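Trainee: I would like to learn how to read a few features of a model. Please take me through them one at a time.

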Amino acid sequence: MNTSNRYNRQIILPEIGDEGQYKLLKSKILVVGAGGLGAAILPYLASAGVGEIGIVDDDTIEISNLHRQVIYKTSAVGKSKAEEAKLMISELNSEVKVNAVSEKLSAKNAISLFEKYDIIVDATDSIAVKYLINDACLVVNKPMVYGSIFRFQGQVSVFNYQNGPTYRCLYPDENNNALNCEDAGVIGISVGIIGLLQANEVLKMILGIGEVLNGKILVYNILNNEQQKYGFDKSDIQSISRESFEEKYNKSEVAEISFDLVLEEINNDSVLFVDVRNSDELPKISLKNQVQIPLMLLENEIEKIDKNQMIYVFCQSGIRSKMAVEVFQKLQFKNVKSIAGGVLAMKNLLKEEIKV
């Protein structure tokens, strides 16, 4: 095959050679999320010569992203992450075909997207989306490269590889209350290291070299450079059919509402605002009709809440509040909505009520 000088340094590796470079050229990789993890994964897959890369992200760039999402420029704030990531890759390696999908991954598009690619990379920070990715990968029989960050610690694994264990084998409890990086905090180095480890797993699978993290999870701590690798077994969950996938996910979505639409109700006695953050989280919100019940305690303390009230739930960024709405709905509460964007969206409209 004819190759440019671009790949010479990796082609001379006996484990890669011209044959391996051809495998890279023919590979198609989908990266779900163009945030911190994606910002580390994407340039290294592109620079290695992966032939086709898909990027799924419906978000736009914010100034607070830039300390960890290092592929974006300050001048790109407000623009589409997927489109800006595509531009970055095109400038880095014009030989790569890039497909930018500026949509939210959902049950409606996951399977049709995943069918077009060889490997699916989870670069999200949403627990719910990770289960969705896992289940869609099972339907179409594609491996999932998992990455996750919690403060100074990260995890990497590969699920559904050669009929190996899945995400549900490791984390069977779907009612997981783990915080995302927006809620828990993160330093850019963490997502950089974990994203590179994910990219490494992708390249090993394409090239058929090394030992893939199949049935193993790597846990890395950046503060002391300690890493552990734990094995886990495949559970009884063998597969998910397209029918069961659609039945599970094609139910009504959690109702969300923008805070500016409920501002006039902050003094309404028939309305209750429920803060499902932990008690130590800032900034504080002080509304007339408000209670604070951390998400992990909500089901046990639900009797404190009147089912007849209109309930608006909020958290730090709008992720845990949607999980809380599902808890309310399960317990037959009818009038419950999640405040989109959480406190991060509320604070500018309630400056006089916020105590930082």
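Trainee: Where does Ser 258 lie?

Mentor: Helices (H or I, at least four residues) and strands (E, at least two) are DSSP runs, numbered from the N terminus. Ser 258 sits in the loop between strand E9 (256–257) and strand E10 (271–275). This is a predicted model, in which local features need pLDDT of at least 70 and side-chain atom pairs count only at pLDDT 80 or more, while totals for chains, interfaces and linings use all residues. Residues are numbered from 1 along each chain as its sequence is written, and side-chain values use heavy atoms, with hydrogens and water left out.

Trainee: Why does Ser 258 count as partly exposed?

Mentor: Buried means under 20% relative accessible area, exposed over 50%, and partly exposed in between (1.4 Å probe, protein chains only). Ser 258 counts as partly exposed because its relative accessibility is 33%.

Trainee: Which side chain does the side chain of Ser 258 join in a polar contact?

Mentor: A polar contact is a pair of N or O atoms within 3.5 Å; within protein, one must be able to donate a hydrogen and the other to accept it, and residues adjacent in sequence count only if both atoms are side-chain atoms. Here the partner is Asp 260, at 2.6 Å.

Trainee: What about strand E12: are its residues buried or exposed?

Mentor: In a regular strand the side chains alternate between the two faces of the sheet. In E12 (residues 310–314), five of five residues are buried. Met 310, Tyr 312 and Phe 314 cover one side, with Ile 311 and Val 313 on the other.

Trainee: Which strands pair with E12?

Mentor: Two strands pair if DSSP finds at least two bridges between them. E10 and E12 are parallel, over five bridges, and Val 271 has Met 310 as its bridge partner. E13 (residues 336–339) also runs parallel to E12, through three bridges; there, Lys 337 stands opposite Tyr 312.

Trainee: How does the chain get from E12 to E13?

Mentor: A crossover is right-handed if, with the strands pointing away from the viewer, the path from the first strand over the helix to the second runs clockwise. The β-α-β crossover from E12 through helix H11 (residues 320–330) to E13 is right-handed.

Trainee: What span does H9 reach?

Mentor: The expected span of a helix is 1.5 Å times one less than its number of residues. With 20 residues, H9 reaches 29 Å from its first C-alpha to its last, close to the expected 28 Å. Just after H9, Gly 208 takes a positive phi of about 70 degrees.
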